[in-house]
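Please keep the sequence and the 3D view at hand while reading.

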Amino acid sequence: MTNTSWLFRMAWRDSRRSRARLLLFMASIILGIAALVGINSFGDNLARSISEQARELLGADLVLSANQPFEPKLEPALSKLGAARTREVSFASLVQFRPGKGTRLAQVRARDGGFFYGDWDTEPKAAAQRFADTTAAPGALVDDVLLVQFGAKIGDSVQVGQVTLPIIGRVLKTPGQSGITTAVAPTVFLPLAQVTATGLVQRGSRVKYTRSYRFAPGTDVAALLKTLQARLDAADIDTDTVASRQQQTGRAFADLTRYLSLVAFVALLLGCVGVASAVNLYVREKLAAVAVLRCLGASGRQALLIYLIQTAGLGLVGAVLGAGLGAAVQGLLPRVLGDFLPVDITVSVSWPAIATGLVTGLLMAVLFALLPLLSIRRVSPLRVLRTAFEDDTAAPDPLRGLVIGVISVFILVFAYGQTRDWKLTLGFGAGLLAAFAALAGLGRLLMGAVRRFFPAGWGYVWRQGLANLYRPQNQTLTLVTSIGLGTFLLATLFLTQAMLLGRVQIAGQKSAANLVLFDIQPEQRAGVEALLTAQKLPVLQRVPIVTMRLTAINRRPVSVLKKDTANGIPAWALTREYRVTYRDSLNSSEKLTSGTRPTLGADGVPRISVETGYLERVKLKLGDTLDFNVQGAPLRTIIGGTREIDRSRVQPSFLVIFPVGVLETAPQFQVVLTRTGSTAALAAVQQALVRQFPNVSAIDLGLILRTLDDIVDKISFVIRFMAGFSILTGLLVLSSSVVISRYQRVRESVLLRTLGASRAQILRITLVEYGLLGLLAALAGIGLAVLAAWALAVFVFEASFGPAVLPLLGLAALVTALTAGIGLLNSRDVLRRSPLEVLRAEG
Amino acid sequence: MRLYPILPSRMSILRVDNLTKTYASAGHALTVLHAVSFELAAGDTFAIVGPSGSGKTTLLGLCAGLDRATSGSVWLNNIQLDNLSEDERAAVRNQHVGFIFQNFQLLPTLTALENVLVPLELRGQRGAAKTALALLDRVGLADRAHHYPAQLSGGEQQRVSLARAFANRPAVLFADEPTGNLDPDTSERVVNLLFELNREAGTTLVLVTHDLELAAKTQRTLRLRGGKVVEPAVMAEKR
Ligand SMILES: Nc1ncnc2c1ncn2[C@@H]1O[C@H](COP(=O)(O)OP(=O)(O)O)[C@@H](O)[C@H]1O
Ligand SMILES: [Mg+2]
C-alpha cells in the first residue's frame, strides 16, 4: 500500500529537521537503557562474585563441625563426600613465644592442609605450602598481630602446650575470619599431626572439630547433604555450605542487590519521564504542522502514525545505542574497578540482558510517546486559519485510558522483573502513582493559586513571569510533573544510598570497635578504662557478662533430657556454658521477631530474650520455662521474646539476654570494646594490659575487619557508581524538559522584544518563571522522596531512617538553578538572534 | 502552457445554503455568520470581502470543509459536507480542494519540493515527483526545490504554497488573504501567478481579502459585514 510507505517517508523527512530536538528524547532512552543493561549484567556478575566471595570466606564447599571427635561409625558415610578434604581441630589456649616473654590466650587451629578457596595470605608466600607439606619438618604459622605483640619473628619458636615449633611464616589474612563469634583470639596454626603431642585435647576441654570438603564444580551440595542430614544431626554435626554462608554474609549483600534493582528501575523511569516530557513538548510544537497535514487531507490516524513511526524509529535507535553503551560500560567496569572488586569478574556479554534492554527501550519509546502523541488525532485543521481557542486536543479520549493502562502494566511487569517480589512491585507502583498524582495536583494548584491571588501590585517583570505560569500554552503542568518526578526519583536514590552506605559503614569501618577486652573483673573495670584513656583509646561499649548453665527446660531436668534422644534437643544446648548479658533494650544489630524485649515480670520472674535460631533448634517456644544455675544459685526464667541478630555488625552477640534487675549481684566480668588506630598501638595496649591485668585478654578484630572492609569498600563504590549513572540520566531529563520547552517561549520573547522590552527584562521574566517552576518541582520532588525513602527504609531495607537535610537542600538548589539556568540559556539564544530571524526559523 | 484542461463550465461546483455559524463563547452565543447563501460554477472567480472580524475566514473554513456549520449546508463538487466525519472531509479536501494561506503554512521540516509532494503522495499518485517539479518550475522555483521554507523569502514561500495548492488539480481553490504578509511588489507577482494558474487549470477560486483592488480582479464579489451579506453576489462579469 502506497499509503504506508508514504507514512514512513513522511516520518523520515520530517525527522531530518527535528532530529536535534529529538536528540534529548533519544538520550533519555539511551541512558535509561544503558543503565538498565549495564546494571543488570553487572548485577549478574556481582551476584556471581558475591557467591564466589562466600566460598572464599568458607574456604571450602562444605564444612562440617562438631564439639567432639567425629564418630568412627560415621566414617563410611563421610568418605562418600570425597577425598578432597582437610581436617582441623581448634581450641583456645595460652601460647608462649620464647621463655619468660609472657603468655597470651590464642586460638589454636591444627590443620592437615591449607584452604581450598580464598587467599590464605602468608609471609613468605611459600609458607602456606610448606605448612601443608607433611614431608617437611613441622612448623607453625602465626597471626601477624601476635608476632608484633611479642616482638617475635619468623624463625623464633612458639610453644603450645607440650609442643614447641619453629615459626615458619606470619599470617596476614585467613579465609573465613569473619564475625566476632568465631574470632575468640588471634590464631596460631599447627600441623594436625602435632595436636596430640600438645596434650591440650583431653576430655572436658572445649575443642571444635571440623572437616572441610571441596567438590567438583556444579555439585549440588544441598542434595548431597540431604542424604546425610539425619545422621549428621544425630551426631550433633553442624553443616556450613557456600549457600548458607552466602546468606550469612550479611544483609549488606541482599541490600546491594535490591538497591541495584532500584537503581535500574529508577534509571528506566527517569528515561520514561524524559521520553514523555520530550514528546509532550515536541507534539505541541508540531500542532501547526499537523493542522496543515489535516488540511491537505491526511486523516487523524495518518498524522498520528507519522509521528509514532518517527518516535518508534528513534526509540529503536536509542535502545540499540543504549544497549551497546550498557554492554560497553559493563565490559569496562571490571577494568575500571580493577582493585575495587572483591574478585576477578569474568565479563560475558549478557545477550538476555541486551535483548531485554532493546525490547524495553522500544516499548518505553512507543508507550510513553504515544500518550502525548494521541492528541495529534484530535488536532483540528482549523488551526491553519487561526490559533484555535477551543482546546481541540483536550477532549477526553478513550484511547488515552487504554494507553495509560498498558503503561501501568509495563511498569509493573518491569518492576516485577527487577525485584521478583509482587508486594514490592505493587508498592513501587502505588508510590509512583501517588507521586505522579501529587505532582500533577500541585501543578494545577500552582496555576490556580497564581491566577486567583495574582499580585497585581507587583512589578512588571514579576507579573509577566507569574502570568507565564498560567497563560495559554503554559508549561507549568509538564515541567512541574517531569522535573518533580525526576527530582523525586533522584532524591529517593540518593537517600536510599546514603542510608545503605551509612549502614555498611557502621558494619565496617570508622567508628566500629576493633579490639575487645574480655574477662575484666568488676573491680578491674575502672583500672582498665583508665589504661585505655591513658593510651587515648575510646571506650566504645561495655557489656557485662555472666556465665551460667542450663539445669531444666519446662521443669524437666537437663540430665533427663540428655538421655531422651527422641526429643531432638541438641546436646550442646544442654551442656554448654551460657554467656549472657543483661539489659532492657535491644541494640541496633538486633531485631525483635516475637514477644517482648527482656523484661522483669510483675511476678519477679525474668522474661528473657533468646535468639530466633536458638529457639528453633532447641525446640522451644515463647512462654517456656528455662532454669539456670548461676554459679551455684538457681534461677528460673520464662522465654519472653525472640531476637534476630545481624551478624555482619561488630557487636558481641548473645543467645540469651536477661532483663536488668536480676543479675547485677551475680559473679560477672565485663567486656569492653575499643578501637585502635594501628597495629603498633594495638600491640602496645595488649602489652600494657598483660603487664597490669594478666587475666584480661585483648582480642583483635583487625583481621576480620580487614576482610570485611575489603568487601564494604567495593560495595560502596559500586553503589556510588551506579547511582551516578542514574543521576546523570536524571539531570539529562531535567535539562531536556527545559530545553524543549523553550520553543514555547521563543515567539513570545521575540514579540516582547519587538514591543520594546529590554534584554534584562526578558531574562528576568524568564528567571522568575523557570526559577519558580524549578523550586516548586524540586521541593515537591524532595518531599515525596523523603516519604518514599522512609517507606523503603521501613518496608524494604529494614533500616533506620534519618534523612540528611543539607544535601537535600543542596539538591533543591541545584535543580532550581539548573532549571532557571537552562531557561536563561535558551532566552540568551533568542536574544542573540534578530527577531525576524527567529520568527522565520520557528515559523 | 496549460497544465490542466478547463472543466466544463456552468456546472455548480460550490453551493452554500443558509449557512449560519454560532460560537458559544463565555456563556453567551455569538453568531458570526447569518444565513449566507451563494452558488458558484466551475471556473468562477469569487471574492469574499469585508472588514476584519466580519466572518470571512469563518465562511471560508466552512466552505472548504475545515469546520462544521451550526445550520445550513455546503455542497462541494456535488458532495454534501454537513454530515461527513472529520476524516471523510479530509479525504474530500485532498481530492477536490486547494489552499493558500496568509502565513503560507508550509511544513517547516520539509523542502519546497516535499511540501508540494504532500497532497500528491497522500493520495498515492504515480509520477508525483515529476508533477511537483513541473509545478515548482511553473512558479519559477525549480532551482529552490531542495530548500527549506526558512531559507525562502515570503514571496517564494507563497509561490511554493501556490504550487502545492494546484498539485492535486483541485476543483476549488480557497485563498485566505494570500497577500496579507507580502509587500506590494511581491503581492502583485503572487496574485498574477495565482490568476494565471487558476485560468490554466480552470479552477474555481474563492478569495478572501479586505483588499478591494484584489477583489476587483475576480468575476464576483460577496460583501460581508458583521456576518451578514451586504451585497448579494451578482453574476456580473467585471472584466
Ligand atoms: N473559536 C471562536 N470562538 C469565538 N469567536 C470566534 C471564534 N473564531 C472566530 N470568532 C469570532 O468570529 C468573528 C469572525 O471572525 P473571522 O471569520 O476570523 O473574521 P475575518 O476573517 O473576517 O476577520 C470574529 O468576531 C471572531 O472574534
Ligand atoms: Mg480572516
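## A salt bridge between chains

A:Arg16 is partly exposed, as its relative accessible area is 28%. The model is a predicted one, and the values below are computed from it. A:Arg16 forms a salt bridge with B:Glu114, with the closest N and O atoms 2.6 Å apart. A:Arg16 belongs to helix α1 (residues 2-58) of chain A and B:Glu114 to helix α3 (residues 112-122) of chain B, so this pair joins two chains. B:Glu114 has a relative accessible area of 10%. Because buried means under 20%, B:Glu114 counts as buried.

This pair is part of a network of salt bridges that links A:Arg9, A:Arg13, A:Arg16, B:Glu114 and B:Glu121. Over all chains, the count comes to 32 salt bridges.

## Two further salt bridges

In chain A, A:Asp121 forms a salt bridge with A:Lys125. A:Asp121 counts as partly exposed, at 24% relative accessibility, whereas A:Lys125 is exposed, at 64%.

In chain B, the side chains of B:Glu196 and B:Arg138 meet in a salt bridge. This pair links distant parts of the chain: B:Glu196 lies in helix α6 (residues 184-201) of chain B and B:Arg138 in helix α4 (residues 128-138) of chain B, 58 residues apart. B:Glu196 counts as partly exposed, with 32% relative accessibility, while B:Arg138 counts as buried, with 17%.

| Residue | Partner | N to O distance |
|---|---|---|
| A:Arg16 | B:Glu114 | 2.6 Å |
| A:Asp121 | A:Lys125 | 3.0 Å |
| B:Glu196 | B:Arg138 | 2.9 Å |

## The site of ligand 1

Which chains supply the residues around ligand 1? The surrounding residues come from chains A and B, so the site is shared between chains. There are 14 residues around the ligand, and the closest are A:Arg386, B:Gly53, B:Lys56, B:Thr57 and B:Thr58. By class, this shell consists of 5 nonpolar, 6 polar and 3 charged residues.

Some elements of chain B contribute several of these residues. β2 (28-41) and α1 (56-63) of chain B each supply at least two residues of the shell. The largest share, 3 residues, comes from α1(B).

A backbone N or O atom of B:Gly55 lies 3.0 Å from an oxygen atom of the ligand. For B:Thr57, a polar side-chain atom lies 2.6 Å from an oxygen atom of ligand 1. For B:Thr58, a polar side-chain atom lies 2.5 Å from an oxygen atom of ligand 1. Ligand 1 taken alone exposes 570 Å², and the protein buries 74% of that.

## An open sheet in chain B

Strand β2 of chain B also takes part in a sheet. Here 4 strands form an open sheet in the order β2-β1-β4-β5, with antiparallel pairing. β2 and β5 (79-80) of chain B stand at the edges with a single partner strand each, so one side of each has no neighbour in the sheet. Strands of a sheet pair through backbone hydrogen bonds, either parallel or antiparallel.

Within this sheet, strand β1 (residues 12-25) of chain B is joined to strand β4 (residues 71-76) of chain B by 5 bridges, and the two run antiparallel. B:Thr20 stands opposite B:Ser71 in β4(B).

Opposite A:Ala66 stands A:Tyr209 in β9(A). Another 4 bridges join β1(A) to strand β10 (residues 238-241) of chain A, also antiparallel. A:Val63 has A:Asp240 as its bridge partner in β10(A).

## A further strand residue

A:Glu123 is found in strand β4 (residues 121-123) of chain A and counts as partly exposed, at 41% relative accessibility. Its C-alpha lies 9.0 Å from that of A:Ile154, a residue 31 residues apart from A:Glu123 in sequence.

Notes: Residues are numbered from 1 along each chain as its sequence is written. Chains are lettered from A and ligands numbered from 1 in the order in which they are written. This is a predicted model: local features need pLDDT of at least 70, side-chain atom pairs count only at pLDDT 80 or more; totals for chains, interfaces and linings use all residues. Side-chain values use heavy atoms; hydrogens and water are left out. A residue is near a molecule or strand if one of its heavy atoms lies within 4 Å of it. A polar contact is a pair of N or O atoms within 3.5 Å; within protein, one must be able to donate a hydrogen and the other to accept it, and residues adjacent in sequence count only if both atoms are side-chain atoms. Accessible areas come from the Shrake-Rupley method with a 1.4 Å probe; for residues, only the protein chains shown count as cover. Ala, Val, Leu, Ile, Met, Phe, Trp, Tyr, Cys and Pro count as nonpolar, Asp, Glu, Lys and Arg as charged, and the others, Gly among them, as polar. Two strands pair if DSSP finds at least two bridges between them. A salt bridge is a side-chain nitrogen of Lys or Arg within 4 Å of a carboxyl oxygen of Asp or Glu. Buried means under 20% relative accessible area, exposed over 50%, partly exposed in between (1.4 Å probe, protein chains only).
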